[in-house]
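Subject: Structure for your review

Dear colleague,

Please find below the structure that I am handing over to you.

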Amino acid sequence: FMRFWFVVSLVAFVSFWAGPSRSCETCAIAYLGKKEKQSEHKKHFFSAKVLYENQDWEEIPASAAHQLHHQGHHIHDKQDEQIIHTILTAQLNDRLSLELNIPYVTRHFIEIDSHAHLGENQTSNGLGDITVIGDVGLLQESEKSFGLLVGIKTPSGKTDERTSFDSLIEPELQPGTGAVDYIAGLRGSLHPGTADFSASAVYVYK
């Protein structure tokens, strides 16, 4: 009974704090720290999986965004973005695993800077920033686990995408950021029966 209410509370907490995750350029929260139940006899393994992420933005009229731009605001008018995460995981020993996330990013946005092309739909796509995460298991049992996350996001993504009228797209709308980010956090998982519940608390230094 207590386990049931703990799981319900955990899901409610994660749902309540889901809002801030929308600010990520490619959101790590969708996959970071997720641990499926593993066989007790399977101490070393390699796995690959693909996750699809979709962010749907509420765009504003191009003329309004253009006016804000002239008023000195640093603004963009994103429509939506899709990220295909290819995630490779290697379990090195009982406590340590390494995870490589290779994202392919597609961003759709409305042109708001150029007077001649104001309101035109634009697309930016290409390889995103590759992330390497080390996961150190502090507690590993068949029904629950808890661990430490440490990682780095590399400046490996594409940063030279251009608009349909051959203007360099601004950095925030490029597939890659061109910057190094450092990641640290905690993750925990519960595996009651055939279900999996995972949560992570992550700090990213940009």
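A residue is called buried when its relative accessible area is under 20%, exposed when it is over 50%, and partly exposed in between, using a 1.4 Å probe and counting protein chains only. By this rule Glu161, at 12% relative accessibility, counts as buried, and Lys158, at 34%, counts as partly exposed.

Please note that this is a predicted model, in which local features need pLDDT of at least 70 and side-chain atom pairs count only at pLDDT 80 or more, while totals for chains, interfaces and linings use all residues. Residues are numbered from 1 along each chain as its sequence is written, and side-chain values use heavy atoms, with hydrogens and water left out.

Overall composition

The protein has two helices and eight strands. Helices (H or I, at least four residues) and strands (E, at least two) are DSSP runs, numbered from the N terminus. From the N terminus on, the order of the elements is α-β-α-β-β-β-β-β-β-β. Of the 206 residues in the protein, 33% are buried. The accessible surface comes to about 12,100 Å², and carbon and sulfur atoms account for 61% of this; such areas come from the Shrake-Rupley method with a 1.4 Å probe, and for residues only the protein chains shown count as cover. A contact means heavy atoms within 4.5 Å. Among contacts between residues at least 6 apart in sequence, 64% join residues at least 24 apart.

Strand pairing

Two strands are said to pair if DSSP finds at least two bridges between them. Strand S1 (residues 45–56) runs antiparallel to strand S2 (residues 78–91), and 12 bridges join them. Within this pairing, Tyr52 has Ile84 of S2 as its bridge partner.

S2 in turn pairs with strand S3 (residues 96–110) in the antiparallel sense, over 13 bridges. These two strands form a hairpin with four residues between them. Ile83 has Val105 of S3 as its bridge partner, and Ala90 has Leu98 of S3.

S3 also pairs with two further strands. With strand S4 (residues 121–127) it forms seven bridges in the antiparallel sense, and Thr106 stands opposite Asn125 in S4. With strand S5 (residues 131–140) S3 forms six bridges, again antiparallel, and here Leu98 stands opposite Gly134.

Helix H2

Which residues of helix H2 (residues 62–70) are buried? They are Ala62, Ala65 and His66. These residues cover an arc of only 100° around the axis, which puts them on the same side of H2; the arc is that of the directions from the helix axis to the C-beta atoms. Ser63 and Gln67, on the other side of H2, are exposed. The buried residues of H2 pack against S3. Just after the helix, Gly72 takes a positive phi of about 100°.

Salt bridges

Side chains of opposite charge can pair when their charged atoms come close. A salt bridge is a side-chain nitrogen of Lys or Arg within 4 Å of a carboxyl oxygen of Asp or Glu. A search of the whole structure finds eight of these.

In one of them, the closest N and O atoms of Asp129 and Lys153 are 2.7 Å apart. Asp129 lies in the loop between S4 and S5 and Lys153 in strand S6 (residues 144–153), so the pair ties together parts that are 24 residues apart in sequence. Both Asp129 and Lys153 are buried.

Lys153 also forms a salt bridge with Asp181, with the closest N and O atoms 3.3 Å apart. This pair links distant parts of the chain, since Asp181 is in strand S7 (residues 181–190) and Lys153 in S6, 28 residues apart. Asp181 is buried, as is Lys153. Asp129, Lys153, Asp181 and Lys206 are linked in a network of salt bridges.

Elsewhere, the side chains of Lys158 and Glu161 meet in a salt bridge at 2.8 Å, N to O.

A nonpolar surface patch

Patches are made of residues with over 30% relative accessible area and no salt bridge, where like charges are joined within 9 Å and nonpolar side chains (Val, Leu, Ile, Met, Phe, Trp, Tyr) within 5 Å. Leu92, Leu98, Val132, Ile152, Val180, Tyr182, Tyr203 and Tyr205 form a nonpolar patch on the surface, with about 740 Å² of accessible area together. Tyr203 lies in strand S8 (residues 197–205) and is exposed, with a relative accessible area of 56%.

Yours sincerely
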